[in-house]
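The following note collects points for a colleague who has the sequence and the model at hand.

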Amino acid sequence: MKPFVKAIAEALHDLADADNAFWMCKYMREKYPFLGVKKPERHEVFKALYKQYGSSEDWFEVSTQLFAMPEREFQYVAMDYVMKAKKSWDNRVPALCEQWIGQESWWDVVDNLAPKILGPYFLQFPAERDFWIQRWMDSGNLWLQRVCLVFSLGYKDKTDTVLLAKTIQALSSSKEFFIQKAIGWALRQYARTDAEWVLDFVENNALAPLSKREALKHL
């Protein structure tokens, strides 16, 4: 076990709170165990220990060890660690994210990995984007398809509207709540950059009522 992993495991176990863990588990529909360490406390521990150990250790090995631990907080820390290591990213990032989504598919992991890791990664390595997006669209996995909808949430004027439109159109007939919601989220976010484009797209494409409602929420 890497020193950072050992140190943060000990620190988070010391902060464990059974009452918090109960309600955090309930919120996530009892899919995952929790220690009961809330986000502000977790971030404080991460910040202190990363400064002490983290920056000198291999991001891939550390994050892989963290993500394999049972409590959900460690999976959040694994993602935080990858984000922190942005300057050291290489072509292992998309495959690692795909693996994690396959292991622990739920919105909390997907909605961190997509816009906070894969989005910046594809800006840094644009030649890789189309291969992975096509792979995930073809997978039939709703969580990987959700990634394709929300990875560019932070792109603003760098958004590829051709790809965004193509992805939404391919998934617009889906009955999955998390796909319909993601379509609306992607459009609502891009409306902050180009409201006219979003209004025109919604007007001229068949979208589920949930997607349309979410897209137009602030327009």
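Helices, as named here, are DSSP runs of H or I with at least four residues, numbered from the N terminus. The model is a predicted one, and the points below should be read accordingly.

1. Arg42, a buried charge. R42 is found in helix α3, which covers residues 39-52. The residue is buried yet has no salt bridge. The nearest side chain of opposite charge is that of D80, 4.0 Å away. Apart from neighbours within four places in sequence, R42 is in contact with L12, V37, E73, Y76, V77 and D80.

2. Packing of α5 against α7. Helix α5 (residues 72-84) and helix α7 (residues 107-124) pack at an angle of about 5°, and their axes are 11 Å apart. Angles under 35 degrees count as roughly parallel, and α5 and α7 are therefore roughly parallel to each other. On the α5 side the contact involves R72, Y76, M79, V82 and M83; on the α7 side it involves D108, V109, N112, L113, K116 and I117. By class, this contact has seven nonpolar, one polar and three charged residues.

3. Which residue of α7 pairs with R72 of α5? The partner is D108: the two side chains meet in a salt bridge, with an N to O distance of 2.8 Å. Because R72 lies in helix α5 and D108 in helix α7, the pair ties together parts that are 36 residues apart in sequence. R72 counts as buried, at 0% relative accessibility. D108 likewise counts as buried, at 5% relative accessibility.

4. Other salt bridges. A search of the whole structure finds twelve salt bridges. One of them joins K2 and E61, whose closest N and O atoms are 4.0 Å apart. K2 lies in the segment before α1 (3-14) and E61 in helix α4 (residues 59-67), so this pair ties together parts that are 59 residues apart in sequence. E61 counts as partly exposed, with 37% relative accessibility. Elsewhere, K181, R188, E214 and K217 are linked in a network of salt bridges.

5. Is helix α9 largely enclosed or exposed? Eight of the nine residues of this helix (residues 142-150) are buried, so α9 is largely enclosed by the rest of the structure. The buried residues are W143, L144, Q145, R146, V147, C148, L149 and V150. What covers them includes α6 (93-103), α7, α8 (129-138), α10 (161-171) and α11 (177-191).

6. Glu30, a loop residue with positive phi. E30 lies in the loop between α2 (18-27) and α3. Although E30 is not a glycine, its phi is positive, at about 60°. The side chain of E30 also meets that of K26 in a salt bridge, at 3.0 Å from N to O. K26 counts as partly exposed, at 40% relative accessibility.

7. Lys156, a further positive phi. K156 has its place in the loop between α9 and α10. Its phi is positive, at about 55°, although K156 is not a glycine. K156 is exposed, with a relative accessible area of 57%.

Technical notes
Residues numbered from 1 in each chain as written. Predicted model: local features only at pLDDT ≥ 70, side-chain atom pairs only at ≥ 80, totals over all residues. Heavy atoms only, no water. Helix = DSSP H or I, 4+ residues; strand = E, 2+ residues; numbered from the N terminus. Buried < 20%, exposed > 50% of the residue type's maximum accessible area, 1.4 Å probe, protein only. Lys, Arg positive; Asp, Glu negative; His and termini not counted. Contact = heavy atoms within 4.5 Å. Axes fitted to C-alpha atoms, helices over the stretch in contact; angles between N-to-C directions. Parallel < 35°, antiparallel > 145°, perpendicular 65-115°, else oblique. Nonpolar A, V, L, I, M, F, W, Y, C, P; charged D, E, K, R; others polar.
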